[in-house]
Amino acid sequence: MTATDTNAPATPNRNTVRATERRELLLLVGFLVVIWAVTTALSPRFLTPANLKDILIQAAPLGFVVIGQMIVIIVRGLDLSVASIMATVAVLSTSLIDVTPVIFAVGLLLGALIGALNGYLVAYRKVTPFLATLATMIVLQGIRFAYTKGAPGGALPETFRWLATGDIFGIPVALIALAIVAFAAHWMLERSVFGRLLKLYGDSPDAAYMTGAPTRLLVVMAFVISGVMAAIAGLFLVGYVGIVDNWTGRGYELDSIAAAVIGGAALSGGKGSVPGSLLAALILVSLFNIVVILGLSIELQLVIKGTLIILAAAVYMKRSQN
Amino acid sequence: MAQPYLAARGLNKSFGPNEVLKGIEFEVHGGHAVALCGENGAGKSTLIKLLTGLYTPTGGHVEFEGQPARWTDPRQSLAAGIAVVHQEFSVLGALSIAENIYLGAEPRTRLGLIDRKALTADAQALLDELGITLDPNALVETLSVADKQMVEIAKALRSEAKVLILDEPTAVLSQNETRHLFRIINDLRAKGLGLVYVSHRLDEIFEICTDITVIKDGVVTSKGPTADYTHDSVVAAMVGRELGDLFPAKAATPTAGEAVLEVRDLVVASGLPPATLQVHAGEIVGLAGLVGSGRTELARALYAGEAVSGDVSLMGEPMPHRDPAGSIEAGMLMLTESRKDDGLFLNSSVARNFSATTPGLGAHHNAIPPGHEERRASVLKERRGVVVDHVGLPISALSGGNQQKVLVARLLENRPKLLILDEPTRGVDVGAKADIYKALRQLADDGMALLVISSELIEIVGLADRVLVMRDGEIAKELRGEDITEAAIITVAAAETASHHGVAA
C-alpha cells in the first residue's frame, strides 16, 4: 500500500486510475499462474528448476526489447526497427573489436544513434512511426548485408559468452542485468518527472505542448531508449546463441509489440508499465516452452499468441469504457 | 394572413434541469424571409434543430402547413420540404458538383448503376433554375468558398422545398459573393419559398429579411415586420438584460498598475494588420469579437509564439523565442478554448491533471515521492472547491465546471503574472460561472494581469475593465468604463467589413 491511502476515504475507491492498473496486473499474474499450473499437471518436465531457468534466460532479450517498445508506445509510437537494430548492432560491434566492455559500449552507442534517427524522423519530420521505423529497419538490413557480404563471422570473446550464459550465485547474469534495467525503467516511468511527462504526452500531445512539455525531446528520447534496449538485447542474444547471425532477433519487433499490448500498453498512448510488459513477455516465452514440452505443434503456439492479443485488446477496451 | 409553412407553437426544450427554450412562438410564411436574431447561446441553433427534427421538443410542437409535425429524424423534415444549409460545409471536394448535389439520391439506370447523363442534366437544370452559372462536372475542390456555398444551397433544394433555413451563410463570404447570394435568396422568395435567415450581421438582415424574430435566453423577446425595427431596437431586444450580481465589482482604477504585457506590431498571420496592446497589473482586459474574428489566434500567437513578426515583452523583458514552455517560465499562462482538445489529460487521474504543468513541484531531484501528487492535489482540491470523491479518479469523471477549476488551479500553481483565458466558462453551469468570475476578479485585485476571451457578451461586459473588440483579424476598437456595453461591442464586432475601404491611419 502506498502513502496515498492516508488521504483516501475509508472505503478505497475501485475506480481510481491506479486501482484499475493494479487489477490489470493481477489479471496477467493470474493468467501466467493458470498456464503454468495446467502445464505442470500435464507434464512433469515443466516445473523443474532447469526448465524454469531456461524460460527466464530466453525471456531476457525479449524483456529488454519490450521495455523500450512499451516506452515508445506510451508516446503514441511504434518501433518496427528493434529486430533490425538487434542484428545490426550484434554484427557490427562484435566484428570491430573483441574486448567485451568495448563491444557493449559501441553497441549501445549505435543503438542510441539509430533510435535518435527514428525519433528525429517522427518528432521533427512528422513521419508516422510505422513508416519511419519500417524504413530504418530496411536500411539497416541493407547495411548489415553489405558489411558482412552475407556471411557474418568472428569468434566471440569468452567474457562476452559468460555474460549471456553464466551465473552469479546460481542466478543468470542476463537476468541480473534485466532486473537492474527494469528497476531503473520502472522508477523512471513512475517516479521521475521525465517519466511523468512521457505519460502525459501520450495521453494528450496537444495538452502536453500547451502545458510546456518539451514534446519533441520526449519523443526522441523514447526512441533512443528503445534503440538502446534493442542493442542490449541483440548482444545478449548472440552471446546466448554463440553465433552472430544476420537475422538475430528476427520476429522480436512483433513479439515486443504484442507483449507490450498484452502487458497493458495502449497503442493510443499514455499507458504502459514495466511489470505488465515483463509479465507479458514471460507469458509469451512460457507459451513457446509449453508447446515444446507438451510436444504440440509450433503452429498452435501462433494461434494461442494471436488469440491472446485479441483477448487483451478486448479486456482493456472494456476497462477504458467503464 | 395565410397559414404559415412552418411554425413553432409554445416550443420548450430542456437538457436535464437546463431549460434552453421556453414557449417559443415562431412562424415562416411562404414568400417571406424571417431573420432569427440572438446572441451566442440564446437558443437559435437549438430552435433550428427542433424545427428540423434533429431534437424532439420537451413541450409544445412544430407545425408544418397547419398540421402538427412529429419529426424524430431530419430526413423526415427534409422529405416534407424543409431544407437547411448549415454553417459548416458538407460538400465533398473530390466529387463533382453534380455528384455532390445528388449525393445519396443519384438517378439510376435500369441496372441500378448511377445514370451519369441524367445526373449531369438534372444538376444543370437545377443550377439554371437557381441562376447559378457553374459547370456541373467541375470538381468541388476547385471552387471558391462562395461557389461551394452555392453548391450547398443547390443540394439543399434538390428536392421540392417549401422552407429554406440558412445558418450564418455569409460568415465566410466576401461582399461581392454576399451580393450574389442575396440575389438568389430574393429569387427563391419571389418563387414563394419561406426562408429562415440566421446572421449576426444586422445590415444584411435589414437588407433581405421581411420579418425579424429576436430570441434572448431561450425566449422570444420581440418579433414583427422588419419595417417596424431599427438597428438599435434589434440590439436592445437581443441584449437588454440585467447584469444581476453574477459579477463582482470592477477595479476602481483600471490601468493604474504597471504594464505587464506589452505587444507591439504583432503580425499573427501574413496579410493581417499588426496588433498593438498592453495589459496592466490589476486589470482584466476583455477580448471580444465574433467567432473567427481572430481572438484565439491572437492569444495563441502570444502564448505559443505562433506569430509572423512583432515584439512581445512581459514585465519589461522581451520574449524573443516564444513557445509554451518559455511563456510559462516567464510567467505567462493560458487556459485554452477547448478543454478536451488541449487542456485536459483525459485518461489521467485528477491528481495528475492538477500537476501537469509542474509535475516535479515540491519534489526533490526530479524524483516524485509516492503519493506526492495525490497529497498536493488534495490540498489544491480543498482550496479551489473542486468536488470529487477521490483525486485518483480519472478526470473524465468530473463535471465541466470542476474540470475547469482543476485547469485554473493548475495555471495558478505557476504563479502567473499574466493569465490568458480563452472562453473560461464554456460548458460550465451558472453557479460555477459565478465562482470563476469571483476568482478571476480576486486575482486581478491581487495584482495579476488578465486577458479574457469570451463569446458571451454579458461575460465581457460584466468582467472586463477594458475591452478590445476584434473584427477580421484586427483590433477594431477599444472600449473603457461606461462605454463597455453589449450594444457597443456588437455594433463594432458585427459591422460590415469596412477595413478594405481604408481605415484611418
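Which residues have the most contacts inside the largest nonpolar core? Keep that in mind as you tour this predicted model.

**Stop 1: chain A as a whole.** You will see 13 helices and two strands. The radius of gyration of chain A is 20 Å, close to the 20 Å that the globule rule gives for 322 residues, so chain A is as compact as a globular protein of that length. Its C-alpha atoms fill a box of roughly 65 × 55 × 35 Å along the principal axes.

**Stop 2: inside chain A.** Of the 322 residues of chain A, 45% count as buried. Now think about contacts in chain A with a separation of 6 or more: 77% of them join residues 24 or more positions apart.

**Stop 3: the core.** Select Met86(A), Ala222(A), Tyr197(B) and Leu450(B). These have the most contacts inside the largest nonpolar core, which has 224 residues. Next, colour helix α10 of chain A, residues 215-241. This helix gives the core its largest share, 18 residues.

**Stop 4: one residue up close.** Centre on Ala222(A). Leave aside its neighbours within four places in sequence. Ala222(A) is then in contact with Ile71(A), Val72(A), Ile74(A), Val75(A), Gly77(A), Gly119(A) and Leu198(A).

**Stop 5: where the chains meet.** Show both chains. Here 31 residues of chain B are in contact with 28 residues of chain A. On the chain B side, select α10 (324-330), α11 (339-342) and α13 (372-384), the elements that give two or more residues to it. Colour that side by class: you will find 14 nonpolar, 12 polar and five charged residues.

Methods. Residues numbered from 1 in each chain as written. Chains lettered and ligands numbered in written order. Predicted model: local features only at pLDDT ≥ 70, side-chain atom pairs only at ≥ 80, totals over all residues. Contact = placed C-beta atoms within 7 Å. Helix = DSSP H or I, 4+ residues; strand = E, 2+ residues; numbered from the N terminus. Nonpolar A, V, L, I, M, F, W, Y, C, P; charged D, E, K, R; others polar. Rg over C-alpha atoms; globule rule 2.2 N^0.38 Å. Buried ≥ 20, exposed ≤ 12 C-beta atoms within 10 Å, placed from the backbone. Core = buried A, V, L, I, M, F, W, Y, C linked by C-beta atoms within 7 Å.
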